[in-house]
Amino acid sequence: MNIRADVQRAQAMLADILLPVVRAALDAAAIAAHGLLAQYPPPRPGQRYRRTGNLRQKLIITKPNPATVVVTNTASYARWVYGPQQAWMHRGRWAHVNDAAAEARKAFVATAREQLERRRA
């Protein structure tokens, strides 16, 4: 009996099961984060600024490799709207990246559980 070969075979079998689960969960996480960050709050009473939709249009999802999904906003001012340097006038109105991360985690866990349950059935 060759233990090394058995471990390698077990690793391959585990990867065949888990990789699709992780990929689906990552996709769900990215969609959840993107969906939250793409939401615009209602205009303030008397607001004169006319929204362009640019912030939403600059929000993108990329997959640099099979195990990574990245949600990025390429608008130069995104960090002040919902980034770590969120400006005072956006706090409490616009989502923060931490909110998006929390939604992404929930979606990842829920999708991973659902996918694993489906494979077990």
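This is a predicted model: local features need pLDDT of at least 70, side-chain atom pairs count only at pLDDT 80 or more; totals for chains, interfaces and linings use all residues.
1. **The largest pocket.** The largest pocket holds about 290 Å³ of space. Its lining is made up of 15 residues. To find the middle, look for Gln-47, Tyr-49, Arg-51, His-90 and Trp-94, which lie nearest the centre of the largest pocket. Sorted by class, that lining has seven nonpolar, five polar and three charged residues.

2. **The second largest pocket.** This one comes in at a volume of about 180 Å³, with 14 residues in its lining. Nearest the centre of the second largest pocket are Leu-37, Val-71, Thr-72, Tyr-82 and Val-97. Helix H1 (3-37), strand E2 (68-73), H3 and H4 are the elements that each give two or more residues to that lining. H4 supplies the largest share, four residues. As for class, the lining of the second largest pocket counts ten nonpolar, three polar and one charged residues.

3. **Gln-115 in H4.** Is Gln-115 buried or exposed? Gln-115 sits in helix H4, which covers residues 97-120. Its relative accessibility is 11%, and the cut-off for buried is under 20%, so Gln-115 counts as buried. If you set aside neighbours within four places in sequence, Gln-115 is in contact with Val-21 and Ala-24.

4. **Thr-111, also worth a click.** Thr-111 is another residue of helix H4. With a relative accessibility of 15%, Thr-111 counts as buried because the limit is under 20%. Which residues does Thr-111 touch, not counting those up to four places away in sequence? They are Ala-24, Ala-25 and Ala-28. Ala-24 turns up in the contacts of Gln-115 and in those of Thr-111.

5. **Arg-105, for contrast.** Arg-105 is found in helix H4 too, but here the relative accessibility is 54%, so Arg-105 counts as exposed, the cut-off being over 50%.

6. How far apart in space are Arg-91 and Val-81? C-alpha to C-alpha they are 8.2 Å apart, and in sequence they are ten residues apart.

7. **Asn-65 in strand E1.** Asn-65 belongs to strand E1, residues 59-65. Its 35% relative accessibility falls between the 20% and 50% cut-offs, so Asn-65 counts as partly exposed. From Asn-65 to Ala-25, 40 residues apart along the chain, the C-alpha atoms are separated by 15 Å. Ala-25 is also one of the residues that Thr-111 touches.

8. **Rings and charges.** The structure holds one aromatic pair. Then have a look at Arg-79 and Trp-80: the charged end of Arg-79 sits over the ring of Trp-80, 4.1 Å from the centre of that ring.

Note on methods
Residues are numbered from 1 along each chain as its sequence is written. Side-chain values use heavy atoms; hydrogens and water are left out. Buried means under 20% relative accessible area, exposed over 50%, partly exposed in between (1.4 Å probe, protein chains only). Contact means heavy atoms within 4.5 Å. On a 1 Å grid over the protein atoms alone, a cavity is a set of points where a 1.4 Å probe fits but cannot get out, and a pocket is an open set with protein on both sides within 12 Å along at least five of seven lines; lining residues have an atom within 4 Å of a point. Grid points are joined across faces, edges and corners, and a volume is the space filled by probe spheres set on the points. Ala, Val, Leu, Ile, Met, Phe, Trp, Tyr, Cys and Pro count as nonpolar, Asp, Glu, Lys and Arg as charged, and the others, Gly among them, as polar. Rings of Phe, Tyr and Trp (its six-membered ring) pair if their centres lie within 6.5 Å; planes under 30 degrees apart count as stacked, over 60 as edge-to-face and the rest as tilted. A charge sits over a ring if NZ of Lys or CZ of Arg is within 6 Å of the ring centre and within 35 degrees of the ring normal.
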